[in-house]
Amino acid sequence: MSRSSSLFKFRSRLFFNYGIIVLLIVGAYLFLSVTLHKNLGALASESVLDQYIEITDSRLDQLFRPIEREIRKSYYLIQNGHLRKYEPAKQAAILSSALLALPQCESVMMSSPSGSQFLVMNYNEDVYYSKLLDNIRNELPKPDSVSKRFITRDFRPSVWGTSSNWSLNEFNGSVVDMRWSVDMPEYDSKKRLWFLRAMEYLEKEYHQVELDSVIPVMWTDLYPLYTTRDLGMTAVISAITEEKDTVFIAYDLLVSDINKFTEAQDPTPNGGVFIFSDKSKLLGLPNLVYQNKNQENTSMLLHSPEVLNNPIINFIFSNWEKDNSYAGKPVRFTIEGETFWVRLKPYSVGVDKKLWTGVIIPESDLRMYSAGFNYLIYLVGFIGLLLALFISWRIASSISKPLTELVERNQRIASLDLGPGKEFKTKTTELYNLYLSIEKMRIALIKALDERRTAALHLEESESRYRELIQKNVAGVYRSTIQGQLIDCNNAFARIFGYANIEEIIDTPASAFYHSSFPRAAFMEALYKHDVLVNYEARYVSKKGILIHALLNVALVRNEEGEPMLIEGTIIDITDRVAALEALKKSETRLELALEGAGQAVWECDVQTGEGNFKNLAIDMLGYDVKDIPQNFKGWRSLVHPEDWEDIVSEVIIHLEGRSERIIMEHRMKDMNGVWRWIQTRGMVTEWNKDGVPLKATGTFIDISEKRKNENEKQKISMELMHYNSELEHFAYITSHNLRAPVVNLESLLAIYDFDKNDSQDNKLILHKISESVERLSGTISDLNDIVAIKKDKQERLSIVGLEEIFKATLVSIQSQIDKSNAQVRYDFSDAPEVLYVRSHMVSVFQNFLTNAIKYRKPDRDPIIAIRTYRDNGYICLSVKDNGIGIDLALYGNKLFELYQRFHTDYEGKGLGLYIVKAQVEMHGGHITVRSEVDKGTEFIVHFKDSIHGKN
Amino acid sequence: MVKTKTIIVVDDDPVSNFLCTRIVAKSEINAEVKAFLHGREALDFIEQCINSNADLPDLILLDVNMPLMNGWEFLDEYKILVPKMSKAIPVFILSSSVYNQDIQKARAIPEVSDYLIKPITVDLIKDLWSKQFTVS
């Protein structure tokens, strides 16, 4: 009963496992087919879209490249003067004829850079021609100034004929338009001759131009143009050279040409290929038809101006602006229930202009394309599934059959009865085992005897070897009693301590070798504790009393009871090594001291890891606690002034690349108090690996803050001196002129004075002029007094001056002028009511600016003068703003504050006031700025140092 | 009859202009003086002559220090007009400045015939006139 039940269990388990495998296979199949179904659209669209983009690109190449080449040629010919020998109009004819020879070029247009001159050539089509010109004027987008000028210029297509002084390089203002037709029915013989010569020229020279030598031409853009022709749209390709004095050449392509290249092979029945320019509009998208949600067929013929109202186009463009990742991958989007796939790719034209070629395909088309492929995949999958099921069934059944048999046989064997022979067999086995153990014992005994004999021999040999080893050893080897009495040693040991041989040293007590500093007690204690001491450094004294540094390796030998009996050890003389180390240490310290004395700090750095050491800089120069600043490149960098970082990086890179011998750079670093100090960092790579990769660098720092400060100071002083010098020179110049002028006049007036006729009318006039000149002379001299006075006045007492009080006093003093001019004066000193300045100077500041504002008012409006103060970046600013006639700063700006400068002849004035005010303000560290617009008004801003608030 | 020639004086000092007129009159050289107070006025006058084909002046006496447009600025603009003029007009700087830099600067300008230092005298005018307009 138990037999059949276990068999049943086995079988059911087998079939259970088999069921799970079948379920897994079916699940995998379902999962794979669903995933495949989902992604099939994307896969198909990508390959289909790419394929058609490639086709479009090659077609565009056929379309654009020849034109590009011809434009380059034209430019080259103009630029190199090849055409100069021809009459200007013919030059144009030659160039345009060559371009018209291209099948895709419908007409050619040339213009001067200013757009005042045009030449248009096309194939004999009046309506088209005038329409084209209209379109250029109305429809061209305005991406840059050149084309803007080009289209806004008013040119007249009604003026026909040629002008003899017209050339491609030089335009003199006359308008020229020319028209050619291929069969030239209406042209006179002279023009016909030109044309023939042009053709001749083309044959001989034009086609010989080597394209390699041709300068590239800049393409401005492709523009869509809409004409009334049934073809719908025209593209104009315009080219302009980078130089101003060359021509602007435009070509137009009929949409039929573009379409020839785009529509010839539409990818799918309802898909389309299109081109568009980055900046503006779509150029072509033929034959896209889709069904909108009302199940009407909507044409996507995109040749009309309505193109831009098309929802699909709008979608593409609005997303284009948001995210031009279209170029990277196919994009899927849905409009009015219809899903489309779009893919774009850049296509470059000319030097730097980009066009985009694109493909748009409704998903329904793609499905259709991929449907057959889909079914094939499902079929193959299904066959695979059946195969998998069959194979797994075969495996399961082939395993199940032999296993069943095996189980049954085992059960049969277990049930067999073996009978009485069993006991005999057991006895025999026992005997045999006994024999085996006796034999094993015998072999073990023989082996043990043998081993003993070999060991004895071995012992003898190793003893003599050991002796030899000890004697030959360079290290001293010894054995002593616990008390330190030498028992045995080698020659090396004797020599270390200055003895000739073993016999001489053997009776000397070990204590004789110990240096006074040898801690014998501690040494022994450690030895007792550990039994062995390794690399123990100790000092000894030689036979002649010389200090010996030695390295000791000793072991304590104990007897069987564990009592210490002997000390055995080796000793190495390291006196020289210790001396060398000490010397090195000393020299390092000395170097550091020397550098410190010279105000330098040392640094080193591992170039690869950035780990290093600049302790001396951080501690001694910048005052940090060394544990606050990580000793690596990053730690150093954190202290460097950010403005200097870029220079440092480039300097270091130059050095690491091996282009400089060493790094020398000056930069700022922040010290502990947050002050920027100037540091000169020097250094160089000192270690490279075998491939020349820098490993270690080292160098020095010097604090050059003091030096820098001095340099700056020096520069400031010399600037100041130069300023004063030029001012003095100017002063000398002006005074010599202004003093001399009236004196000269007086001299001449006296010369023509008729002393014989005292009372003549003429003499009276001369006398009047004499008195005028004398007045002027005395005026100049008193001005000079004033000027000299300010130069001396520097010591005058500065005090805190209340602005409003002085301002009001000044107002009173010029009240009559204010009343006469009907001026309105507003003031507001609330932001900065006081300033540290010379009181009397402040009066002249107000006086000068107020009277100036009144003097230079606009005659047709009442003057409004606004005065206010405010604080700005360490200065107190006083602004005086008027609505007067203003000053043309471009013309007079730099002379405004100079001595004896006037800018308006209609007004009185000596040109002295502003000079004095400016000189006074600058004397106390301030300055004056001015803003002005002619006819609008002027604003003077006096900047006083804000010394009251302790800022600079 | 010999035609009366025209001299323009460009100077902001009215006394100087008065003197100039007097001295030209005294030197009996058959010339009339037109005075302008700054460069812009004089330049406008010359441009006007060019445009209306009127007689251009025969001599220019030019001061250096003037408001609005000084002598140097005048010369800069005058240079542009020279190619359009039907005859060459000698330009003399007449200044009270004895500053060497001014004299050097004037000498370096090809349009300037000479640098005269005030005061202007009858002899000076006569001498200058005979050199410029010797009857051939």
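**B:Asn30**

I began with B:Asn30, which sits in the loop between helix H1 (14–26) and strand E2 (31–36) of chain B. Helices here are DSSP runs of H or I with at least four residues, strands are runs of E with at least two, and both are numbered from the N terminus. I am working with a predicted model, in which local features need pLDDT of at least 70, side-chain atom pairs count only at pLDDT 80 or more, and totals for chains, interfaces and linings use all residues. Residues are numbered from 1 along each chain as its sequence is written, and chains are lettered from A and ligands numbered from 1 in the order in which they are written.

Phi of B:Asn30 is near 55 degrees, a positive value in a residue other than glycine. The cut-offs are 20 or more other C-beta atoms within 10 Å for buried, 12 or fewer for exposed, and partly exposed in between, with C-beta atoms placed from the backbone.

**Other backbone entries**

I noted a positive phi in chain A too: A:Asn535, not a glycine, has phi near 50 degrees. A:Asn535 lies in strand E15 (residues 532–541) of chain A. With 8 other C-beta atoms within 10 Å, A:Asn535 is exposed.

B:Pro119 belongs to the loop between strand E5 (112–117) and helix H5 (122–132) of chain B.

**H2 and H3 of chain B**

Next I took helix H2 (residues 39–52) and helix H3 (residues 71–81) of chain B; their axes come within 9 Å and cross at roughly 15 degrees. Axes are lines fitted to C-alpha atoms, for helices over the stretch in contact, and angles run from 0 to 180 degrees between N-to-C directions. H2(B) and H3(B) are therefore roughly parallel to each other. Angles under 35 degrees count as roughly parallel, over 145 as roughly antiparallel, 65 to 115 as roughly perpendicular, and the rest as oblique.

The crossing of H2(B) and H3(B) is right-handed. That term applies if the near helix is turned clockwise from the far one by less than a right angle, and left-handed if anticlockwise.

On the H2(B) side I listed residues including B:Ala42, B:Ile46 and B:Ile50; they meet an H3(B) side that includes B:Phe74, B:Tyr78 and B:Leu81. Contact means C-beta atoms, placed from the backbone, within 7 Å. By class, this contact has seven nonpolar, two polar and three charged residues. Nonpolar covers Ala, Val, Leu, Ile, Met, Phe, Trp, Tyr, Cys and Pro; charged covers Asp, Glu, Lys and Arg; the others, Gly among them, are polar.

B:Asn51 is also in helix H2 of chain B. It counts as exposed, with 9 C-beta neighbours inside 10 Å. I looked across to B:Lys84, 33 residues apart along the chain: the two C-alpha atoms are separated by 9.6 Å.

**Cores**

Which residues touch the most other members of the largest nonpolar core? Of its 31 residues, they are B:Ile8, B:Val10, B:Leu19, B:Cys20, B:Ile60, B:Leu61 and B:Leu62. A nonpolar core is a set of buried Ala, Val, Leu, Ile, Met, Phe, Trp, Tyr and Cys residues joined through C-beta atoms within 7 Å. H1(B) gives the most to this core, with six residues.

Leaving out residues up to four places away in sequence, B:Ile8 touches B:Lys34, B:Phe36, B:Ala42, B:Pro57 and B:Ile60. A second, separate core of 29 residues includes A:Phe846 and A:Phe944.

**H19 and H21 of chain A**

Helix H19 (residues 803–813) and helix H21 (residues 839–855) of chain A have axes that come within 9 Å and cross at roughly 50 degrees. H19(A) and H21(A) are therefore oblique to each other. Among the contact residues I noted A:Phe807 of H19(A) and A:Phe846 of H21(A). The contact of H19(A) with H21(A) holds six nonpolar, two polar and no charged residues.

**Chain A against chain B**

Last, I checked the interface: 17 residues of chain A are in contact with 17 residues of chain B. H17(A) gives the most to the chain A side, with 11 residues.

Methods
Two residues are in contact if their C-beta atoms, placed from the backbone, lie within 7 Å.
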